[in-house]
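Subject: Model for your files

Dear colleague,

Please find the structure below. My notes on it follow.

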Amino acid sequence: MTSPIEIELKPSAHPLAAEERQARLANPGFGRFFTDNMVTIRWTEGRGWHDAQLVPYGPLEIDPANAVLHYGQTIFEGLKAYRSADGSIQTFRPYANAERFQASARRLAMPELPQETFVAAVEALVQQDAEWVPSQDEASLYLRPFMIATEVGLGVRPANEYLFLLIASPAGAYFSGGIKLAGSPRSTSGRAGGTGAAKCGGNYAASLVAQAQAAEKGCDQVVWLDAIERRWIEEMGGMNLYFVFGEGENARVVTPELSGSLLPGITRDSLLGIAGDLGYATEERKISTDEWRDGNAAGTLTEVFACGTAAVITPVGSVKSARGDWTVGDGNPGPVTLKLRDTLLALQTGRREDTHNWMHRIG
Ligand SMILES: *Cc1c(COP(=O)(O)O)cnc(C)c1O
């Protein structure tokens with residue numbers, strides 16, 4: 001284990017007044033407000049990672065010929081810090097995010113930030129801006145690490161300079177009673193081929209047309225199907241999907257297998273463990289849109305939900321697709337979905353014993 005580089009602390013001399021901060025924390029929404037500080041670390045070819053600083057949150061000065069503005073060499077992560085009932089602050093599986101950040105970097109020909117440095121940046125910012133970690137039930141401080149190319153020049157090749165940044169934004173509790181999904185083969189063509197397993201900006205840019213078309217049809221989100229046969233379900237917008245077969249103790253909890261083109265979600269992975277803890281059988285395998293439609297009609301496929309760091313678990317209420325439109329179950333959140341959601345949140349907020357050793361205490 002290499003020791004993380006030292007982060008020089010140069011926090012804002014003018015943090016937001018406590019009253020204004022409280023007003024923002026009372027109704028944070030998602031991604032609207034940012035804390036007083038941020039972390040920046042530079043990478044230069046030959047020199048490696050250097051110049052790690054915690055500085056006041058603020059705009060960057062960017063040359064118009066900066067490579068990231070033209071060719072999109074940018075990756076990101078998302079994780080949350082929760083305040084437990086005893087006042088302590090914990091993050092959920094930060095090393096899993098650090099590892100995935102390295103995998104995304106490899107895919108985009110960017111340098112890998114050492115995992116210890118990634119976690120040290122998270123610790124430094126959360127400690128500095130600890131008063132921004134909400135204490136309301138299920139509210140959190142959402143952490144957004146990201147990296148951009150910073151070399152100036154229009155030549156197409158991996159840049160020789162990069163900037164890692166970490167910003168933080170308070171997030172309110174979120175629960176939707178049942179989202180409407182648009183599943184359509186053409187949605188796959190909107191997905192950048194071959195980078196689906198990397199958390200990169202380009203995947204999202206390529207998804208926006210399909211997302212806008214789904215919204216026109218009255219849907220909230222798009223289901224991505226595999227790009228070749230266009231019938232295997234991969235994931236939903238920025239969340240992974242889970243399918244529940246059967247009921248009660250005999251419920252089976254199934255999620256599409258990692259194919260190399262869907263994002264290996266940390267929530268997805270954690271739920272495989274938690275479902276097992278609760279006594280449900282779990283499976284990772286292929287699921288087609290036909291199996292979803294027919295299982296739903298037959299009553300064997302009882303619940304469907306999406307999962308990810310930002311929204312935790314969100315039930316799917318209905319589907320519109322080229323292969324038919326249907327309501328999932330009775331359209332209401334199912335009992336297995338709600339139990340998994342409660343259990344995961346209890347773990348993340350320190351109300352359930354952390355048998356998997358997933359919580360990382362910060363302050
Ligand atoms: C981040 C993300 C997810 C969810 O991953 P988590 O680690 O659970 O937050 C799923 N799909 C996509 C496309 C994502 O970018």
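Which residues come nearest to the ligand? The model is a predicted one, in which local features need pLDDT of at least 70 and side-chain atom pairs count only at pLDDT 80 or more, while totals for chains, interfaces and linings use all residues. Residues are numbered from 1 along each chain as its sequence is written, and side-chain values use heavy atoms, without hydrogens and water.

Around the ligand there are 15 residues (a heavy atom within 4 Å), and those that come nearest are Lys199, Tyr204, Glu235, Thr267 and Thr309. The shell comprises four nonpolar, seven polar and four charged residues, with Asp, Glu, Lys and Arg counted as charged, Ala, Val, Leu, Ile, Met, Phe, Trp, Tyr, Cys and Pro as nonpolar, and the others, Gly among them, as polar.

Polar contacts (N or O atoms within 3.5 Å) to ligand oxygen atoms include one from a polar side-chain atom of Thr267 at 2.6 Å and one from a polar side-chain atom of Thr309, also at 2.6 Å. For Ile266 a backbone N or O atom lies 2.8 Å from a ligand oxygen. The protein buries 96% of the 380 Å² that the ligand exposes when taken alone (Shrake-Rupley, 1.4 Å probe).

Elsewhere, there are eleven aromatic pairs (ring centres within 6.5 Å). The rings of Phe34 and Tyr57 have centres 5.4 Å apart and planes at 10°, so this pair is stacked (under 30 degrees).

Regards

Methods:
Polar contact = N/O pair within 3.5 Å; in protein donor to acceptor, adjacent residues only side chain to side chain. Phe/Tyr/Trp six-rings, centres within 6.5 Å; stacked < 30°, edge-to-face > 60°.
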